[in-house]
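The structure comes first, and the notes follow.

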Amino acid sequence: MKSGKRLYPLLGGLLLYGLAGFLLAPWLLERTLTNTLKGRLELQVDVEAIRINPFTLTLGIDALSLREPDGAALASFEQLFMNFELMSLFRWAWSFDEVHLIQPSIDFERFSEADNSFSRLAGRWSNSATAPWENEKSSDTDLIRLVVEDLKIVRGRVHLIDHLPAETFATELSPIDLSVANLSTLADSSGQQQVTITTESGARLAWTGVLSVNPISLSGQVTISGTHTPVLSRYFQEYLPVTLEGGDVEGQFHYALSRDDAGALSAHIENLQGTLQNLTIHQPDGTALAEIDAIDFSGGRLAWPERTAHVEELRFDVVNINAIRDATGSYLSGMSTADQPPATAETPTADETSTATATGTDAPAWQLDLARLILNDWRIRHTDQSLTNGTTEISDLDLTLGNISNQAGESISLDAKAVLAAGGLVSVSGNLLALPAIELDGRVQVTEL
């Protein structure tokens, strides 16, 4: 009987703990979250449900959405699930077995160079500060001690709107999937990451690798596939006098990025290779300026802070070019005044030029080199409308350049041949010096011209 009485306080404590966890804690969390977002950020907040299980230490939030004061969408998700670990008591770190975010959505709008959706949120948060120290930047650079065994973002979406181009640009990245195993801010801990992003055209960007937060270090493999050119062409249309169509990309490279204790950044890219196929470049009047079957590059690598970049081979296969020079001596004459690229900035003053030059010379120059450049099976048609018979056509052009470099005094090997449609063969072989002045030492042969 006495033992039974001893259980009553324990059972009562468990009951109160359960009621507080299941009922009171979700209400307090929703109230605090809603009041903070509304009061500090002026956002409209809707949340379907918040669930807390005090015995399994799990938190679930269903269907949360945030909107701007005018009702414009800002962010939302279908579900957030977090599973807290008691291991936090022993690690002295916030530890979670799982953090899963399902169908998150972000609407990012850019209004000017310095004004966007997030900068406006930061401004509201700063302006609504009630304590002086909330506006002060913390000098404490220590990271929050955090461990997440299984971090996932599933079917994410980012809607981008940019008002800076002459015509407002909008696109959507979806789905976005992220998976990180053993994300940790503890010293010398690393985790495995896997990320995939899909664009509006179905093109895909994916990377896998190892991530360390303390110190910062990333390494792994990036792969790119699909057609990216339509989106890029649409975004940069006011700067490009041409439009791009097609352009299927397959590429990959290995990356390594790190920052040392002094804050110096080190970045290296190795085994860069890829193919761009079936790209058409259209003139302003809609006719094809260039049709490219394939562009292949391989053996690429880049190193920072060494400032070196190398490509083993860059190859252009089966390219048709149709260039037209109008009676005024201009190309791309179908481009209207409104379509022309924006005017360049004003010419800098002497003081500005000297400052820029001094800044540029402080840093070592980049060393760039290309082992082989190959043009294979090019056909070029050039029409000069100011002439009666102003069409010249090369029916077959092959060219190989070797040892191309931006270093002065480097000799470039040259081997080229061109077959004219009107008859005749021209071939050139030898060595070409590009810097500091152009010099050709070689042999030119003309047959049946």
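Ser117, Leu121 and Arg124 are buried in helix 3 (residues 117–127); buried means under 20% relative accessible area, exposed over 50% and partly exposed in between, with a 1.4 Å probe and protein chains only. The buried residues of helix 3 fall within an arc of 65° seen down its axis, so they line one face of the helix; the arc is that of the directions from the helix axis to the C-beta atoms. Helices (H or I, at least four residues) and strands (E, at least two) are DSSP runs, numbered from the N terminus. Asparagine 116 caps the N-terminal end of helix 3, with a side-chain oxygen 2.9 Å from the backbone nitrogen of phenylalanine 118.

This is a predicted model: local features need pLDDT of at least 70, side-chain atom pairs count only at pLDDT 80 or more, and totals for chains, interfaces and linings use all residues. Residues are numbered from 1 along each chain as its sequence is written, and side-chain values use heavy atoms, with hydrogens and water left out.

Two arginines lie over ring faces. A charge sits over a ring if NZ of Lys or CZ of Arg is within 6 Å of the ring centre and within 35 degrees of the ring normal.

| Charge | Ring | Distance from ring centre |
|---|---|---|
| Arginine 40 | Tryptophan 125 | 3.8 Å |
| Arginine 120 | Phenylalanine 111 | 3.7 Å |

Ring pairs also link Phe84, Trp94 and Phe96 into a cluster; rings of Phe, Tyr and Trp (its six-membered ring) pair if their centres lie within 6.5 Å, and planes under 30 degrees apart count as stacked, over 60 as edge-to-face and the rest as tilted.

Conventions: Polar contact = N/O pair within 3.5 Å; in protein donor to acceptor, adjacent residues only side chain to side chain.
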